[in-house]
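Please look at the sequence and the structure before reading on.

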Amino acid sequence: MINREKLEELINKTEEDINFVEEVSDKIVKEKTEELDILMHDIYNEIVNVENPVDEIIEKHFLKLTNAVYFISAKCEMLGFYDDMSKTNSKLAYNEAYFNTKTKQALQGNKPTVSDLQLQAENDSINEAVLNLIYSRSFKIIKVKLEAANEMIKTLSKILTSRISDKSLDSGNAKYLKG
């Protein structure tokens with residue numbers, strides 16, 4: 001039989017944990033990508049949401065976005081170091097907890113099972129594992145934002161190229177008609 005009260009308690013605890021992790025991750029992501037978010041919002045308002053945006057606006061945002069991607073890519077790679085280091089620290093904390101539990105049990109004359117040692121090591125290294133989760137998720141979110149920004153750069157480039165081509169054709173047709 002399902003214990004609904006216990007299940008509700010678990011759901012609430014999970015939501016609390018997720019909210020905390022999400023809050024920390026969002027702070028990291030915002031710190032690294034706020035400029036990009038503002039720029040993408042501006043592009044939406046001034047280009048995407050406009051019937052026929054002027055070339056100068058497209059060019060301005062193309063330059064700004066390309067520049068922002070450069071700097072945010074560097075920030076993202078630095079965050080990758082945090083992801084890697086927190087993963088290493090999580091493994092070290094796990095191994096240390098495993099070893100300490102095994103040593104403590106041996107000094108008491110006990111021979112714990114591998115499952116017991118693993119369980120204790122996981123419990124003792126949970127904070128390091130969660131920190132790695134936060135950095136890992138933040139890193140992935142920023143990578144996705146950068147991929148979307150790069151797609152927007154390609155789109156803006158195609159629009160500008162098409163318009164230049166159209167102007168070139170129009171100019172050629174005007175010369176032909178005059179000539």
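## Helices H1 and H2

The model is predicted. In it, the axes of H1 and H2 cross at roughly 165° and come within 10 Å of each other. Angles over 145 degrees count as roughly antiparallel, and H1 and H2 are therefore roughly antiparallel to each other. Their crossing is left-handed.

Which residues of H1 meet H2? On the H1 side they are Ile-28, Glu-31, Lys-32, Thr-33, Glu-35, Leu-36, Leu-39, Met-40, Asp-42, Ile-43, Glu-46 and Ile-47. Their partners in H2 are Ile-57, Ile-58, Lys-60, His-61, Lys-64, Leu-65, Ala-68, Ile-72, Lys-75 and Leu-79. Sorted by class, the contact of H1 with H2 holds 12 nonpolar, eight charged and two polar residues.

## Helices H2 and H3

Two packed helices are described by the distance between their axes and the angle between them. For H2 and helix H3, which covers residues 114-124, the axes come within 8 Å and cross at roughly 130°. H2 and H3 are therefore oblique to each other. The crossing of H2 and H3 is right-handed.

In this contact, H2 supplies Tyr-94, Ala-97, Tyr-98, Thr-101 and Lys-102. These residues meet Val-114, Leu-117, Gln-118, Gln-120, Ala-121, Glu-122 and Asp-124 in H3. The contact of H2 with H3 divides into six nonpolar, three polar and three charged residues.

## The largest pocket

What is the volume of the largest pocket? The volume is about 190 Å³. The elements that each give two or more residues to its lining are helix H1 (4-48), helix H2 (55-107) and helix H4 (126-178).

The lining consists of Phe-20, Val-24, Ile-28, Glu-31, Lys-32, Leu-79, Tyr-82, Asn-127, Val-130, Leu-131, Ile-134 and Tyr-135. By class, nine of the lining residues are nonpolar, one is polar and two are charged.

## Residues in both places

Some residues belong to the pocket as well as to a helix contact. Ile-28, Glu-31 and Lys-32 line the largest pocket, and these residues are also among those of H1 that meet H2. Leu-79 is likewise part of the pocket lining, and Leu-79 is one of the H2 residues in the contact with H1.

Methods: Residues numbered from 1 in each chain as written. Predicted model: local features only at pLDDT ≥ 70, side-chain atom pairs only at ≥ 80, totals over all residues. Heavy atoms only, no water. 1 Å grid on protein atoms, 1.4 Å probe; cavity = no way out; pocket = protein on both sides within 12 Å on 5 of 7 lines; lining within 4 Å. Points joined across faces, edges and corners; volume = space filled by probe spheres on them. Helix = DSSP H or I, 4+ residues; strand = E, 2+ residues; numbered from the N terminus. Nonpolar A, V, L, I, M, F, W, Y, C, P; charged D, E, K, R; others polar. Axes fitted to C-alpha atoms, helices over the stretch in contact; angles between N-to-C directions. Parallel < 35°, antiparallel > 145°, perpendicular 65-115°, else oblique. Left-handed = near helix turned anticlockwise from the far one by under 90°. Contact = heavy atoms within 4.5 Å.
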